[in-house]
Amino acid sequence: RTFVEAVSRQSWLVFVTGVLLLPLLGFLAAVAVHQAGHLLAGRMTGFRPVGFIIGSFTFGSRLYSTDVLLLGLIVMRPINSEGLRQRLTWLVLGGPLASLLSPVILESVLWFVQSRWSELGSLVPAGIHVYSTLSFLLGIGALLPDIDSAGNFSDGTRLLMLVKKDFRAERWLAILELQLVLISPDN
């Protein structure tokens, strides 16, 4: 409320930026950081990105039927099948971890910077707070076990499957191992 009152006394451009643009940019940044967490964890654990999917548009190399490891907007392929369950666990956990840790880091930096320099303006701290809130909510929401109407598993469902070693996780691992055999240059 204090923020809205402060920007309402400013120009219409500051008001529109603060009330409309900051939430949109915060949401886009939260999704980007979440996907970057998956990407970083995947690269560190032996997966390679094959493409990015945004709506009906696909960016990157041509996708094949063997590319079914879709994590949100990123399509990744395992390099090999060694320790696949543990590597998948870290890959799936990368997005929620990025969504939960980045707000803590940003808010800590903001707290440190504001104590040194109090004249940051109102849009920068507000933007960080909006991003932090949306990113934290995205991280919590991603960890909730859920299956959407199209049958896609949330990160939380995938983590539970991998930790519990249930039949769905075994099927997922078998599909990925079969895909590795199918795309192997030896075949």
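**View 1. Ser184 in the segment after α6.** Ser184 lies in the segment that follows α6; helices (H or I, at least four residues) and strands (E, at least two) are DSSP runs, numbered from the N terminus. Ser184 counts as partly exposed because its relative accessibility is 21%, where buried means under 20% relative accessible area, exposed over 50%, and partly exposed in between (1.4 Å probe, protein chains only). The model is predicted: local features need pLDDT of at least 70, side-chain atom pairs count only at pLDDT 80 or more, and totals for chains, interfaces and linings use all residues. Residues are numbered from 1 along each chain as its sequence is written, and side-chain values use heavy atoms, with hydrogens and water left out.

**View 2. The largest nonpolar core.** A nonpolar core is a set of buried Ala, Val, Leu, Ile, Met, Phe, Trp, Tyr and Cys residues joined through side-chain atoms within 4.5 Å. The largest one has 14 residues, of which Phe47, Leu84, Leu88 and Trp172 touch the most other members. At least two residues of this core come from each of β4 (74-78), α3 (84-116), α5 (155-164) and α6 (167-183).

**View 3. Helix α5 and the residue after it.** Seven of the 10 residues of α5 are buried, and the helix is thus mostly covered. Among them are Asp155, Arg158 and Leu162. Just after α5, Lys165 takes a positive phi of about 55°.

**View 4. Phe27 in helix α2.** Phe27 is placed in helix α2 (residues 12-44). With 44% relative accessibility, Phe27 counts as partly exposed.
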